[in-house]
Amino acid sequence: MAKKNKDDYSIADALRVPSGPVRVEDFDPDSAPDYPGEGKADAPAQMADLAPELSDLQERLYAAGRDNPRSRRLLLLLQGLDTSGKGGVIRHAVGMVDPQGIDLTAFKVPTAEERSHHYLWRIRRALPGPGMIGIFDRSHYEDVLVVRVDELAPLDEIPKRFDEINRFEAELADQGVTLIKCFLNVSRDEQKDRLLERLENPEKHWKYNPGDVDVRKKWSAYMDAYSDVLTHCNTEHAPWFVIPADKKWYRNWAVARLMVEHLRAMDLQWPEADFDVDTEIARVQTS
Ligand code: ATP
């Protein structure tokens, strides 16, 4: 694989879902587009290469948000089937960032209180504050994925929800939220291997949930549901990215790189001092 200069390519361009009708099957879960290194062996070095810039950009975002409630925010939204590696991405990619600047929410089966509200209610409450990087482990998309597959709402609700979600995400963009929507695309075979690996290793039994096999049995229904999401909720202001997820090292690197590229594009400047610097130097020196 040819070495790439760190500024001469865009992972966002490589992984962005094209507009128009798409199917999950159009995307290769085992590929590694635009990976600048050799492969798994140099993945730790590639991640380490991104770390200083990611850390600097996050600090700029945080600094800008401190005094300005209208400042920019980043929201990384992770969707994917069991074992696709939402947790791995959070540990390895998001884990490179100062935890004080991260606002992480995992969306589970809605509680009784959450169910008593509109499905976007709990999402709005979890949006990141100014200067923060929000992470959604699952999201409002569960309301057009599991809800559709398990028929937890009338099916004619789903297209209405697509429109509603598009309007909601446009509203977020207007409010200065940059949304990175990632579908972690793991293949059916790789999922099987990962589930078996969990069963074969007693130290991983805690990660195994017998219910995951029931979800796995609905694979093709999930592929239909994800294909519709990628087709109907892939807008200019909130596009989807399909992350090949069979290679864990690529998946983690690609999401970290996407964060770097999106933060770079915000052109974040350090806030100017709201005091006279020379006066303060003199005050400190004589204190
Ligand atoms: P993960 O696999 O994301 O690491 P987990 O499997 O450890 O999480 P669970 O509590 O088992 O944690 O997963 C969350 C469950 O909540 C999933 O089965 C998901 O489909 C379900 N869920 C999330 N949002 C909704 C929703 N709006 N309606 C119904 N079920 C939902």
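**Salt bridges, pair by pair**

Guide: K181 and E169 join their side chains in a salt bridge, 2.7 Å from N to O. This pair links distant parts of the chain. K181 sits in strand 4 (residues 177-185), E169 in helix 7 (residues 157-174), and the two are 12 residues apart. Both K181 and E169 are buried. Keep in mind that this is a predicted model.

E190 and R194 meet through their side chains in a salt bridge of 2.8 Å, N to O. Both belong to helix 8 (residues 188-200). They are four residues apart, about one turn of the helix. E190 has a relative accessible area of 21%, so it counts as partly exposed. R194 has 5% relative accessibility and therefore counts as buried; the limit for buried is under 20%.

Within it, R23 bridges to E25, with the closest N and O atoms 3.2 Å apart.

In total, the count comes to 18 salt bridges.

One positive group belongs to a surface patch instead. K40, R91, K207 and K248 gather there as a patch of positive charge. K248 is placed in helix 11 (residues 248-265). Its relative accessible area is 39%, so K248 is partly exposed.

Methods: Residues numbered from 1 in each chain as written. Predicted model: local features only at pLDDT ≥ 70, side-chain atom pairs only at ≥ 80, totals over all residues. Heavy atoms only, no water. Patch = residues over 30% accessible without salt bridge, like charges linked within 9 Å, V, L, I, M, F, W, Y side chains within 5 Å. Areas by Shrake-Rupley, 256 points an atom, 1.4 Å probe, with all protein chains shown as cover. Salt bridge = Lys/Arg side-chain N within 4 Å of Asp/Glu carboxyl O. Lys, Arg positive; Asp, Glu negative; His and termini not counted. Charge placed at Lys NZ, Arg CZ, Asp CG, Glu CD. Buried < 20%, exposed > 50% of the residue type's maximum accessible area, 1.4 Å probe, protein only.
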